[in-house]
Amino acid sequence: MEKIEHTFIEANGLKHHVAQVGSSSGSPTTLLFLHGFPELWYTWRFQMIAAANAGYRAIAPDFRGYGSSDPPAQPEKATFDDFVSDMAAILDALHISKVFVIGQDFGAIVAYEFALRYEERIHGIITLGVPFMAPGSLDFKNTLPEGFYITRWQEPGRAEADFGRLDAKTVLRNIYILFSSSEIPIAAENQEIMDLVEPSNPLPSWCTEEDLAVYGGAYDKSGFQTALQVPYRDFLSKKYTQKPSTDPRVDAPALFVVGEKDYVFKFPNMENYIRSGAFKMYVPNLEIEYIPEGSHFISEQFPDKVNELILSFISKSIQK
């Protein structure tokens with residue numbers, strides 16, 4: 001990954017770490033990559049290099065409070081809206097007017113919200129793992145047990161106490177093992193989420209100790225405060241639990257890529273929502289690609305296939 005450059009960009013009063021690769025001369029088509037949790041810019045390393053080799057410019061920020069980006073002054077008050085406005089401010093600082101935006105996990109939801117707010121700045125949108133979710137659809141408390149990991153992590157102090165028993169690298173190891181399974185992480189009544197993983201459980205075959213060291217080292221520095229606030233305590237507990245007065249609609253060309261062994265597929269009504277075409281009510285110009293053996297982290301699990309799908313979609317969109 002020696003080609004990738006690392007800079008710090010002032011945006012909305014904070015210094016944001018931004019990984020970049022590809023020439024900025026001649027106004028090349030730019031791809032904006034948005035990570036999820038517990039991910040960072042590093043999640044997109046394979047896609048960034050492939051994009052640069054195809055002649056594009058790729059940028060991947062760490063969200064505020066993640067990795068090497070500054071935390072907000074009051075992390076407990078960080079909001080999903082901050083993340084969206086930060087992306088616009090970073091593009092402004094880099095003098096980039098328009099992008100293809102690519103998001104994975106909750107980064108996909110940041111990407112959709114960016115497309116809704118800044119429609120004029122979007123060539124197209126690509127999301128991995130998490131679809132545009134119908135407003136008012138995330139009523140987890142009434143559809144999944146109390147031990148569901150999102151419900152647990154929404155509770156202030158619960159995850160901090162759970163994570164605090166372990167070093168950051170071990171927390172990341174456990175989350176990567178859990179989230180790479182096809183089963184939804186749900187703890188028993190007197191069990192914590194971290195206890196779902198035994199020390200002897202192996203990492204996914206595509207995740208190396210070196211990768212884990214990158215993630216663990218970053219979270220040693222940043223901690224988990226902002227990462228638990230956004231998305232779990234701000235976005236997932238508020239934004240999509242209430243239906244707005246009007247249905248949002250993303251009209252930009254869109255691609256959704258999902259692994260058929262992604263545990264998110266097992267969320268109540270999720271697979272039917274994706275396969276039935278209901279998803280397209282909100283994203284009408286949508287293509288969907290399924291990766292049969294794919295789990296939640298498909299950009300790292302199957303980088304060549306994901307690269308192929310992304311670059312093909314972008315090439316077709318540019319030619320139209």
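Okay, let's start with helix H7, residues 168–179: twelve residues, reaching 16 Å from the first C-alpha to the last, close to the 16 Å expected at 1.5 Å a residue. Before I go on, a reminder that this is a predicted model.

The buried ones are Ala168, Val171, Leu172, Asn174, Ile175, Tyr176, Ile177, Leu178 and Phe179. And what do they pack against? Other helices: H5 (149–154), H6, H8 (209–222), H9 (225–233) and H12 (298–301). At the start of H7, have a look at Asp167, where a side-chain oxygen comes to within 3.1 Å of the backbone nitrogen of Lys169.

Ala159 counts as buried because its relative accessible area is 0%, and the cut-off is under 20%. Leaving aside neighbours within four places in sequence, Ala159 is in contact with Trp153, Gly164, Leu228 and Arg233.

The largest nonpolar core has 112 residues, and the members that touch the most others are Phe37, Met48, Tyr149 and Trp153. Take Tyr149: not counting residues up to four places away in sequence, Tyr149 touches Phe179, Pro185, Ile193, Tyr232, Tyr263 and Phe267. You'll remember Phe179 from the buried list of H7.

Next, a loop residue. Where is Thr43? Thr43 is found in the loop between strand E3 (30–34) and helix H1 (45–53). Is Thr43 buried or exposed? Buried, with a relative accessible area of 0%. Its side chain makes a polar contact of 2.9 Å with the side chain of Tyr215. Besides Tyr215, Thr43 touches Gln104, Tyr176, Ser299 and Glu300, again not counting residues up to four places away in sequence. Tyr176 is one of the buried residues of H7.

With twelve residues at 1.5 Å each, H3 should span 16 Å, and its end C-alpha atoms are 17 Å apart, which agrees. Ten of those twelve residues are buried, so H3 is largely enclosed by the rest of the structure. The buried residues of H3 are Phe106, Gly107, Ala108, Ile109, Val110, Ala111, Tyr112, Glu113, Phe114 and Ala115.

Last stop, the strands. Strand E7, residues 254–259, is mostly covered, with six of its six residues buried. Which way do they point? Ala254, Phe256 and Val258 go one way from E7, while Leu255, Val257 and Gly259 go the other, and all are buried.

E7 has strand partners too. Strand E6, residues 122–128, pairs with E7 in the parallel sense over four bridges, and the bridge partner of Leu128 in E7 is Val257. E7 also pairs with strand E8, residues 286–291, in the parallel sense, this time over six bridges. There, Gly259 has Ile291 of E8 as its bridge partner. What do E7, helix H11 (residues 270–275) and E8 make together? A right-handed β-α-β unit.

That's my tour; happy to go back to any of these on the screen.

Methods: Residues numbered from 1 in each chain as written. Predicted model: local features only at pLDDT ≥ 70, side-chain atom pairs only at ≥ 80, totals over all residues. Heavy atoms only, no water. Buried < 20%, exposed > 50% of the residue type's maximum accessible area, 1.4 Å probe, protein only. Helix = DSSP H or I, 4+ residues; strand = E, 2+ residues; numbered from the N terminus. Pairing = 2+ DSSP bridges. Right-handed = clockwise from strand over helix to strand, strands pointing away. Polar contact = N/O pair within 3.5 Å; in protein donor to acceptor, adjacent residues only side chain to side chain. Contact = heavy atoms within 4.5 Å. Expected span 1.5 Å × (residues − 1). Core = buried A, V, L, I, M, F, W, Y, C linked by side-chain atoms within 4.5 Å.
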